[in-house]
Amino acid sequence: RRVLFRSIEVVTHEATHQLAGNTGLIPRGKVALRWAHEGLACYFETSSDAGWGGIGAVNEGRLKSYHRVSSDPRRASLEVLVTDLLFDSARSPVEAADAYGQAWGLTHFLMEKHFVELVGYYRKISEVNARTGSIARSELLKYFSDSFGDVGKLQGEWHAYMRTLKTDLDRAREQLPVNK
């Protein structure tokens, strides 16, 4: 059963990459867009650690990875994530998973709270890549801030939002009566 759920997670993750690339939403093979590619794929994947799931469901594994990084200001900054430095500096499977967790968390937040700006950001990045072939890290941060405004303010909103997230199972547990 675990193998089946892991297969479903991988297929939904990779299918999202394929659809995003085929539609031009996020062009494939571009350096310094890994957070956007992986964040979107993680957002749409069906988690292998959940008995049920769906688009935008809170993924327990990704949430744990997010929380491992969130207490480290150096690694938990938007600038480090949206310029792909977090992915590039990962030196172990756990650090790579943490980068995926951050990308998932940011994408989840932006999908839920800044959807119009996120779609505009994807469009802007797609157009720039079509003209120039790649984007420098400093330019990535500029495109991000042009799309979302004050990065420091957004970072605070993002981390506050992430502290409120609970998995479906956690919410269900809260609904159970307490035995006295």
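In the predicted model, the buried residues of α2 are W35, A36, H37, E38, G39, L40, A41, C42 and Y43. Helix α2 spans residues 34–44 and is thus mostly covered, with nine of its eleven residues buried.

Two packed helices are described by the angle between their axes and the distance between the axes. For α2 and helix α6 (residues 93–113), the axes come within 7 Å. They cross at roughly 75°. Angles of 65 to 115 degrees count as roughly perpendicular, so α2 is roughly perpendicular to α6. On the α2 side, the contact involves R34, W35, E38, G39, L40, C42, Y43 and F44. These residues meet Y100, A103, W104, L106, T107, H108, L110, M111 and E112 in α6. By class, the contact of α2 with α6 has eleven nonpolar, three polar and three charged residues.

Two loop residues were also examined. D84 is found in the loop between α4 (78–82) and α5 (85–88). D84 is not a glycine, yet its phi is positive, at about 70°. The relative accessible area of D84 is 2%. The cut-off for burial is under 20%, so D84 is buried.

S89 lies in the loop between α5 and α6. Its relative accessible area is 37%, and S89 is therefore partly exposed. A polar atom of the S89 side chain lies 3.3 Å from the backbone oxygen of L86. S89 and A99 are ten residues apart in sequence. Their C-alpha atoms are 9.3 Å apart in space.

Technical notes
Residues numbered from 1 in each chain as written. Predicted model: local features only at pLDDT ≥ 70, side-chain atom pairs only at ≥ 80, totals over all residues. Heavy atoms only, no water. Buried < 20%, exposed > 50% of the residue type's maximum accessible area, 1.4 Å probe, protein only. Helix = DSSP H or I, 4+ residues; strand = E, 2+ residues; numbered from the N terminus. Axes fitted to C-alpha atoms, helices over the stretch in contact; angles between N-to-C directions. Parallel < 35°, antiparallel > 145°, perpendicular 65-115°, else oblique. Contact = heavy atoms within 4.5 Å. Nonpolar A, V, L, I, M, F, W, Y, C, P; charged D, E, K, R; others polar. Polar contact = N/O pair within 3.5 Å; in protein donor to acceptor, adjacent residues only side chain to side chain.
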